[in-house]
Amino acid sequence: MPEEQAFCVFVKIMYDYGLRDLYRNNFEDLHCKFFQLEKLMQEQLPDLHSHFSDLNLEAHMYASQWFLTLFTAKFPLCMVFHIIDLLLCEGMNIIFHVALALLKTSKEDLLQADFEGALKFFRVQLPKRYRAEENARRLMEQACNIKVPTKKLKKYEREYQTMRESQLQQEDPMDRYKRENRRLQEASMRLEQENDDLAHELVTSKIALRNDLDQAEDKADVLNKELLLTKQKLVETEEEKRKQEEETAQLKEVFRKQLEKAESEIKKTTAIIAEYKQICSQLSTRLEKQQAASKDELEVVKGKVMACKHCSEIFSKEGALKVPAVSTDNKGIETDDEKDALKKQLREMELELAQTKLQLVEAKCKIQELEHQRGALMNEIQAAKNSWFSKTLNSIKTATGTQAAPPPQPPVPPREGST
């Protein structure tokens, strides 16, 4: 049991079950129990009672601990547990049942023992017999089967009271008064001691209560101060939370506008890239057509050159210029004119081809630059989104926390890419 419950059961046994009465008035009630036990022995164990009378072995010599300690002084706990269970169920009369059962089971040994042997048997050998749980169980069964009528116990109690009254009447009144006076003095001294103890305990309790009250007041003051500080911090935290919420709303609006602007720029850049790609595609198609036309024209010129007798002498089939061995003046003049015309036409075609290639290269460079700007814009937008999300989250956590944190600085908006 817990300590408090065990103490409550102990108080119940002492007061309601009458165990406390055994210790009062010079153990008067205990001697009555001894008288009742001897009467029961005389009725149920007459030979053992006669043997104890011959030995002058009285009940108080062996049974006092049975009544005062409920068999806990010598006997094993496995047996005591059963006895206390029966005591709580049946009352103090169960001690007579167990005592008679012990005497009956030990009758043969006790009848053969002398005074010293009987006392030693009660003190040593008898408790050893019931260390085994089986022996204790059989003893408790036998004790429950023994009949001890309550009427007989009441009768024996009245006989004891009558005997004590006759003894008191035969006693010298002076001795009786002296004994009563001594008893009253002892009771008075005990009461005075209890009064002193109670007074000391009262003073000590008052001092302890005063100290506890002072400590409680100090603690209350500290708690009140802490409460005021906490309220002030709460107000500051709520104000900071409101500011954080306003800043968060402003940041959300700024980032929303920047996001919309960046998305519109991306759309414009994508449209420009698509237009440049279309232009480049058109230029490539045009260049291919011009190259094919130039090649066809060059083949026509070569065919004409090879068909001309004079030209075939000047140019080879591959188009290389031959150096004539012998030429007349007229042939030289015509050849020079045709040669100059062909070279001029060839230079114009080469110049046009170079310009077309240059335009194509410029278009590809422009496309690469636009692609690079588009990638940079996408990275900046993603970084702005991540920064906005993390800072918004941090500001919300700070606003809802117990301590106010400094407001987050608005992030630098991403720079706009040039188109």
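**Helix packing and burial in a predicted model**

Me: Is Ser106 buried or exposed?
Reply: The relative accessible area of Ser106 is 0%. Buried means under 20% relative accessible area, exposed over 50%, and partly exposed in between (1.4 Å probe, protein chains only). Ser106 is therefore buried.

Me: What pLDDT do side-chain atom pairs need to count?
Reply: Residues are numbered from 1 along each chain as its sequence is written, and side-chain values use heavy atoms, with hydrogens and water left out. This is a predicted model, where totals for chains, interfaces and linings use all residues, local features need pLDDT of at least 70, and side-chain atom pairs need pLDDT 80 or more.

Me: Which residues is Ser106 in contact with, leaving aside its neighbours within four places in sequence?
Reply: Ser106 lies in the loop between α6 and α7 (107-111). Contact means heavy atoms within 4.5 Å. With neighbours within four places left aside, the partners of Ser106 are Phe121, Leu126 and Arg129.

Me: How many helices and strands has the protein?
Reply: Helices (H or I, at least four residues) and strands (E, at least two) are DSSP runs, numbered from the N terminus. From that end, the elements run α-α-α-α-α-α-α-α-α-α-α-α-α. The count is 13 helices and 0 strands.

Me: What share of the 419 residues of the protein counts as buried?
Reply: The surface comes first. The protein exposes about 29,500 Å², of which carbon and sulfur atoms supply 54%; accessible areas come from the Shrake-Rupley method with a 1.4 Å probe, and for residues only the protein chains shown count as cover. Of the 419 residues, the buried share is 25%.

Me: Which residues have the most contacts inside the largest nonpolar core?
Reply: A nonpolar core is a set of buried Ala, Val, Leu, Ile, Met, Phe, Trp, Tyr and Cys residues joined through side-chain atoms within 4.5 Å. The largest one has 56 residues, and the most contacts inside it belong to Tyr62, Trp66 and Leu102.

Me: What does Tyr62 contact, leaving aside its neighbours within four places in sequence?
Reply: Tyr62 is among the residues with the most contacts inside the core. Beyond four places in sequence, Tyr62 contacts Met41, Phe52, Leu57, Leu103 and Phe122.

Me: How far apart in space are Met79 and Arg137, C-alpha to C-alpha?
Reply: Met79 is in helix α5 (residues 77-90). Met79 is buried, at a relative accessible area of 0%. Not counting residues up to four places away, it touches Val98, Leu102, Tyr130, Ala136 and Leu139. Met79 and Arg137 are 58 residues apart in sequence, and their C-alpha separation is 7.5 Å.

Me: At what angle do helix α2 and helix α3 pack?
Reply: Two packed helices are described by the angle between their axes and the distance between the axes. Axes are lines fitted to C-alpha atoms, for helices over the stretch in contact, and angles run from 0 to 180 degrees between N-to-C directions. Helix α2 (residues 28-44) and helix α3 (residues 46-55) have axes 5 Å apart, at an angle of about 125°.

Me: What does that make α2 relative to α3?
Reply: Under 35 degrees is roughly parallel, over 145 roughly antiparallel, 65 to 115 roughly perpendicular and the rest oblique. Relative to α3, α2 is therefore oblique.

Me: Which residues make the contact of α2 with α3?
Reply: From α2 come Glu38, Met41, Gln42, Glu43 and Gln44. From α3 come Pro46, Leu48, His49 and Phe52.

Me: What phi has Asn56?
Reply: Asn56 is in the loop between α3 and α4 (64-68). Asn56 is exposed, with a relative accessible area of 57%. Most residues other than glycine have a negative phi. Phi of Asn56 is positive, near 55°.
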